[in-house]
Amino acid sequence: GLTISDGSLTIPNSVTTITSYAFSGLQGVDHISIPNSVTTMQKFAFYNAKIKTIKIGTGLNSIPENGFDSSTLESVEIPGNVKTIGDSAFSNNGNMTSILIDEGVETINSNAFDRTNVNSVRLPDSLKNVENWFISNADWHKIVSVSASKNTVFSQYALGSSAKLTEVR
């Protein structure tokens with residue numbers, strides 16, 4: 001029941017679970033919409049998928065470990081209904097330059113955005129925990145700026161591998 005048109009993949013509203021490796025290696029699709037009906041996504045669901053953007057529905061409360069690992073995402077917006085971003089969820093996305101994390105997200109696990117080309121991240125006030133190496137850059141000469149609430153707890157190595165970290169606010 002999947003629909004692919006004009007480089008966009010629409011998953012039908014009847015889908016509630018996206019299993020491990022379901023869209024691994026997907027090609028020919030620039031954009032994916034995950035409907036609100038999807039409440040569970042398993043690890044490696046979109047591993048190595050050739051996609052540029054995603055729209056995450058309101059049904060998911062977590063992005064699993066390695067969910068979008070090694071894809072070709074350029075940007076991602078994490079809606080506030082997602083409470084946890086899993087280990088290496090968006091790692092190895094060297095084309096990624098933009099991350100928007102909405103109010104409501106509470107935990108970012110280790111390596112979530114490791115090896116991306118993001119140069120600025122604004123973390124929401126709702127964020128409680130940031131685990132090790134949550135962000136690092138593929139381009140080690142790029143300046144990284146991180147803004148967070150004073151209530152956010154960063155683990156010992158949360159920013160340990162970031163390129164030329166110039167500012168934490």
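Is Ser126 buried or exposed, and what is its relative accessible area? Ser126 is buried, with a relative accessible area of 18%. Here, buried means under 20% relative accessible area, exposed means over 50%, and partly exposed is in between (1.4 Å probe, protein chains only).

A quick word on the model. This is a predicted model, in which local features need pLDDT of at least 70 and side-chain atom pairs count only at pLDDT 80 or more, while totals for chains, interfaces and linings use all residues. Residues are numbered from 1 along each chain as its sequence is written, and side-chain values use heavy atoms, with hydrogens and water left out.

Back to Ser126: you'll find this residue in the loop between β13 (120-122) and β14 (129-130). Strands are DSSP runs (E, at least two residues), numbered from the N terminus. Setting aside neighbours within four places in sequence, Ser126 is in contact (heavy atoms within 4.5 Å) with Asp102, Glu103, Gly104, Val105 and Glu106.

The table lists three of them.

| Strand | Covered face | Uncovered face |
|---|---|---|
| β4 (residues 31-34) | Ile32 and Ile34 | His31 and Ser33 |
| β8 (residues 75-78) | Val76 and Ile78 | Ser75 and Glu77 |
| β10 (residues 98-101) | Ile99 and Ile101 | Ser98 and Leu100 |

Strands of a sheet pair through backbone hydrogen bonds, either parallel or antiparallel. Two strands count as paired if DSSP finds at least two bridges between them. β4 has a partner in strand β2 (residues 8-10), with three bridges in the parallel sense, and Ser8 stands opposite His31. β4 also runs parallel to strand β6 (residues 53-56), joined by four bridges; in that pair, Ile32 sits opposite Ile54. β8 and β10 are parallel too, over four bridges, with Ser98 as the bridge partner of Ser75.

What about the inside? The largest nonpolar core has 42 residues, and the members that touch the most others are Ile32, Ile34, Phe46, Phe68, Ile85, Phe90 and Phe113. β4, β6, β8 and β10 each supply at least two residues of this core. A nonpolar core is a set of buried Ala, Val, Leu, Ile, Met, Phe, Trp, Tyr and Cys residues joined through side-chain atoms within 4.5 Å. Take Phe90: leaving out residues up to four places away in sequence, this side of the story includes touches to Ile54, Ile63, Phe68, Val76, Ile78, Ile85 and Phe113.

β7 pairs with strand β9 (residues 84-85) over two bridges in the parallel sense, where Thr84 is the bridge partner of Ser62.

Phe154 counts as partly exposed because its relative accessibility is 27%. Phe154 and Phe134 are 20 residues apart in sequence and 9.6 Å apart in space, C-alpha to C-alpha.
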